[in-house]
Amino acid sequence: MTHPAPPRAARSTAGRRRARSSAARRRAAAAALLTLAAPLALAGCGGDSGAELVRTGADTPQRGGTLVYATDREPNCLDPHNNGDMPQTYVARQYLDSLVSLQKDGSVKPWLATSWKISADGKRYDFTLKKGVKFTDGTDFDADAVVANFKQILDPDTQSSTDLLYLTGYFDKATALDSHHVRITLKRPYSPLLPALAQAFFGMESPKAMARGLSANCESPVGTGPFKVVRWNHERDVQLVRNDDYTSPPADAKNQGTAYLDSITWKFLKDNTTRYAALASGEADVIFNVPPESQETAQADPDIELQEFVHSGAPFSLELNTTSSVFADLRVRQAFLHASDAKDAVLSAYNHVFPYAGNAISSGTPRYDKANAEPYPYDEDKANQLLDAAGWTGRDAEGYRTKDGKSLTVRFPYNADSGETPPADVTLFQDIQAMEKRVGIKVQLQAVDSSTLNATREDPSSFDLAATYWNSPTPHVMYIKYSKATFDVDNGQDLAYAYNTALDKVLIKGTATTDAATQQKLYSQAQKLLTDQAWSLSLYPIQTRLGISKDVKGVWIEPSEGEPVLSDAYLIGGKR
Amino acid sequence: MPAWILHVARRVLTAATLLLAVGTIVFFLEQAVPGDPAVAILGGTAAHPTKEAVEAVTQAYGFDQPVLVQYLHFLSGLLRLDFGDSYTLKQPVTEVIGTQLGPTLLLTVTALGLAWVLSVTSVLLTAGRRGVWGRIGSAVETIAAGLPQFWLGLVLLLVFAVRLQLFPVLGTGVAGLVLPALTLAIPLAGFLGQVTRDEFEDKLRQPFVLSGRSRGVSEARLRAASVLRHAALPGITLSGWGLGSLISGAVIVEIIFARQGLGQVLVTAVNAQDLPLVIGITFVVALSYVVANLLTDLAYVAVDPRLRTTVRRTA
């Protein structure tokens, strides 16, 4: 009692292995309060203020410590130029910097590019690059490096999927104007370019490292980012340490210096129960994708903070295959949407944890128009009228509608893997199935393995409904999903197998302007047009949902792909 | 001496033939899997790879060649024990397996050991006992044998790691091995206990037990030393199968307790149609069955002296 320990010391006695359960942590907090109360009681005797120490402890970033981040899915490759799946972009954000940093409103701020100029015709982007930036392998980040990145992305050996979808058809070439100026030349105007480049999918990598080939680059890509990859222990974790020479935080980062954390253990905990248990027991500091079933427990736990972010892009939806004999008819599509009661189905399957998203783009997308938030409200009568009008007037023995002796059956194959289709999704599908039955539509749920599902996508006649989502930082995602160009590319993106000339025109106009008001007008029109087509039954937005221990501060989620930013994060108590 | 070598040579040849057959079956099964492997390599249809990208991968991996050519190519690799590179992970299959095999073996061997400890304890304490103890032992074994691992794992996790905090949630170190190993061990212990108990109770009725008793050997010593030795044989036979099934079934435990291991890799590989990796892991599992059976034979000899003399006589 002679020298009251500040709470920081009280914490460090717990060591790296902190109090294990939330209850135990609460006890630890109570103990900290006691040590705090002691100096307050002694304050009269001239002791310093313990309360002040606590406040400093929480609000001033402290250096040091290892943060354990636990996520559900493991990437196949740590180089996000390859393939392009979400787990890649989340982890890549920690060791790669992009040229620009996206803001919620769709604008961008400087990052590795300090400024840029867009030519009047919208086909030339001249970037000025930050000087004095080095990759963590010691090589310089310069105009040649940017050019090399685009080369690598376009090289078939890189096996890129996502990046190519943003570049194909628009990107012509990247040229170094001098050491710190680079020009991107486009085939046609493309205003989504900057938001696209903000994604960690377009993070800048060291040309020297990329030259090692895909195999080495997948294991340990090298960037200019706040952390660097030390080791990837497959099926367990990726070890990241701070880049002590970091000089290139984005303009919107609160921390403009090197990261506060010494290191990050990026763990893979597929099982929902385990992942949440790791957070509750203090074995993980931050978890990605708080299981919906644990949401209530997490909210009630004062030691856990929840951060939720709605991804920009196309929400999770069921696409209505317009080449199928059933959904070729607009009236049947509209009836299907009206009968689904999608809003209640989502809210009930996901315990009101996931919001309903009825629009073709999610509410997190720039130029989202809430006029289309609930485009086809539940209406059994209307659905019945539409089906009658479409000629599905007969009934079979089971009560399903028929037309010309054929029953109104909708085949819906979905991935049986619970990692791809979580149990709540299956509940959601079953709810919709039950609702459709009321109006006489028979939905056949077909749980199949990934290979079989891939095969169905190669044969449009083998399914009527397909579940999908597409995260994208721009409303141009509507074009990516439903345009003549996408339809012609036939890469399984346009699962409605449909396009609309008017929609194409509006969306292409959108790419030709960078003016926010004009874009808003055009993209609102597009959303309305898409709603009218009834090509898809939108269900819920894709989200980044983080569960964060109260001992961690400063974590935020960037808006291009919902990537968690840990360069601003710090542990209360610093080193543990 | 030469007979001994012949015995080993025959064993090795059988194993090699078996592995070749396994490899061939898996190869043609993978050919029969629907869906384009090139699309799977590019992240599946959900990744929406462009046609050009699919084309490039198809050529790079030779998917456009006739199946027979692909098979010969596969065979020649197999002979050199070169499984190639994993399609998805881009790493040599041997390397991927090398890093994942250790944790899986540690888990399964520990689980097998634990299963024996549990089943022997249960049998020694309760088998052949009249009244309630014998029935309880038998009932516990039957229930244990029927416990599904995915359920048992979660229950152990929630009770012992989350609520009682006796063990960590994430399986690292020795403390982290206990719950995963128990998850695998308890159902197996049930099986082992059941077969050992039947045999044990049968052997208890043998004349040698009576003669032991009449010589004044204590009941406990009689059970632990003489009867158990006789009764263990069926359990040992089952262990060979048990070890193999533990390795192929480790995946559930590996996922729940977030352990590194082959099981997780196999599931990912199958989903991604990663042929080289699937074949590599299937090989390892098949090999583990072969080795386990070999060990079973040796254990037989160690436990049953009669077999020892027979072997010596033939040698």
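Within what distance do the axes of helix α10 of chain A and helix α7 of chain B come, and at what angle do they cross?

1. Ground rules. This is a predicted model, in which local features need pLDDT of at least 70, side-chain atom pairs count only at pLDDT 80 or more, and totals for chains, interfaces and linings use all residues. Residues are numbered from 1 along each chain as its sequence is written, chains are lettered from A and ligands numbered from 1 in the order in which they are written, and side-chain values use heavy atoms, with hydrogens and water left out.

2. The helix pair. The axes of α10 (residues 272-280) of chain A and α7 (residues 149-163) of chain B come within 11 Å and cross at roughly 5 degrees. The two helices are therefore roughly parallel to each other (angles under 35 degrees count as such). Axes here are lines fitted to C-alpha atoms, for helices over the stretch in contact, with angles from 0 to 180 degrees between N-to-C directions. Helices (H or I, at least four residues) and strands (E, at least two) are DSSP runs, numbered from the N terminus.

3. Who touches whom. From α10(A) come A:T273, A:T274 and A:A277, and from α7(B) come B:L154, B:L157, B:L158 and B:V162; contact means heavy atoms within 4.5 Å. Five of these residues are nonpolar, two are polar and none is charged (Ala, Val, Leu, Ile, Met, Phe, Trp, Tyr, Cys and Pro count as nonpolar, Asp, Glu, Lys and Arg as charged, the others, Gly among them, as polar).

4. A sheet in chain A. Three strands form an open sheet in the order β19-β13-β20, with antiparallel pairing; two strands pair if DSSP finds at least two bridges between them. β19 (465-471) and β20 stand at the edges with a single partner strand each, so one side of each has no neighbour in the sheet. The twist averages 30 degrees from one strand to the next. Six bridges join β13 (residues 313-320) to β19(A), and A:L318 has A:A467 as its bridge partner there. Helix α12 (residues 330-340) of chain A lies across β13, β19 and β20, at about 25 degrees to β20(A).

5. Two positive phi values. A:H352, not a glycine, has a phi of about 65 degrees and sits in the loop between α13 (342-349) and α14 (380-389) of chain A. A:A534 has a phi near 50 degrees and lies in the loop between α20 (516-533) and β20 (536-540) of chain A. At 61% relative accessibility A:H352 counts as exposed, whereas A:A534, at 1%, counts as buried (buried means under 20% relative accessible area, exposed over 50%, with a 1.4 Å probe and protein chains only).

Terms used:
Parallel < 35°, antiparallel > 145°, perpendicular 65-115°, else oblique.
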